Amino acid sequence: MTSPSLTSSNRRIVVLTGAGISKESGLDTFRDADGIWSRVSLEEVATPEGFRSDPAKVQAFYNARRRQLQDSEVEPNPAHAALGRLSRALGDDLLLVTQNIDDLHERGGADPVLHMHGELLRARCLACGADSLWRADIDRDSRCSVCGATGQLRPHVVWFGEMPLEMERIYAALADCDLFVSIGTSGNVYPAAGFVAEAREAGAHTLELNLEPSEGATLFAEKRYGPASELVPAWVEEVLAETGKDTGLAE
Ligand code: BV8
């Protein structure tokens, strides 16, 4: 089905991704049966209160995920590569927002990527507030590369109860977009789960690409269900053909 709003050549697209787009790269989702929240308590490892009460437990949780992300087995999948191609073709006409803290969109060629829940490969200093690239474990001896403080680093990740990043920029893009596409997210976590309503309000066409209907499925004008590695490349092909902006660099 051709997305009605793509007839003009300068449509503006906002894409939101969630953990489902990285599942086929070997990273677990959160709320699937085998998901992360089935093994560890969200309150204990993804809240400021959890960090205050047991920082070592929280650091260990993110250290394990940071190591796994850098494992050679974990690679961008065709969905990441397709969005990389779309990013190169559309430039400023695409805003790619992700809830994910992995770097697979970047490694798939997307630039820029807006990480509204932060990034696993960056550390934030509680002493000076700076965040910096960080690939190693974070522990009590870790030293801030900006101010030199030791033992003051936390993951640069947005926990529950904390304000997601770049919300103004996201809401401005949603108010101005012609097409909003949600990929690989269950629609459980706000404010991301509310983006589809914002886009509808702005008159945008809305499309959900997911393995199964999300919590917000009824809010989407168009829905396609299946694995992201199949759905996303097919959808990107359609968009590039309709807008004539194909880079010709098929992945
Ligand atoms: C905020 C950290 C306000 C990084 C995450 C009480 C107090 C404060 C806030 C609240 C509260 N009660 C409720 C809230 C709001 C809360 C919230 O929404 N809670 C939920 C649980 C009800 N939200 C917040 O707290 C947010 N902040 O509201 O701040 C505020 C206001 C003023 C001042 C200060 C603050 C912060 C939310 C961010 C929390 N951090 N993660 C990390 O460790 O990763 S959220 C976590 O969930 C991840 O970021 C994840 O990305 C996100 C969403 O999950 P999904 O990506 O959707 O993953 P999920 O497993 O759920 O679904 C995967 C989907 O993929 C499934 O549908 C599946 O079918 C599909 N799939 C699987 N395989 C495939 C596939 N699809 C395609 N192909 C496949 N192969």
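How far does a polar side-chain atom of Tyr 62 lie from an oxygen atom of the ligand? The separation is 2.8 Å, which falls under the definition of a polar contact (a pair of N or O atoms within 3.5 Å). The model is predicted: local features need pLDDT of at least 70 and side-chain atom pairs count only at pLDDT 80 or more, while totals for chains, interfaces and linings use all residues. Residues are numbered from 1 along each chain as its sequence is written, and side-chain values use heavy atoms, with hydrogens and water left out.

**Ligand surroundings**
- The ligand is surrounded by 35 residues, where a residue counts if one of its heavy atoms lies within 4 Å.
- Phe 30, Arg 31, Thr 185, Ser 186 and Tyr 190 are the closest of these.
- The shell comprises 15 nonpolar, 13 polar and seven charged residues, with Tyr and Cys among the types counted as nonpolar and Gly among the polar ones.

- Gly 184 places a backbone N or O atom 3.4 Å from an oxygen atom of the ligand.
- Leu 211 has a backbone N or O atom 3.2 Å from a nitrogen atom of the ligand.
- Of the 1,500 Å² of accessible area that the ligand has on its own, the protein covers 76% (Shrake-Rupley method, 1.4 Å probe).

**Cysteines**
- The count of disulfides (pairs of cysteine sulfur atoms within 2.5 Å) is zero.
- Cys 128 is in no disulfide, and the nearest cysteine sulfur, that of Cys 125, is 3.7 Å away.
- Cys 128 is partly exposed at 37% relative accessible area, whereas Cys 177 is buried at 4% (buried is under 20%, exposed over 50%, partly exposed in between; 1.4 Å probe, protein chains only).

How values were computed:
Polar contact = N/O pair within 3.5 Å; in protein donor to acceptor, adjacent residues only side chain to side chain.
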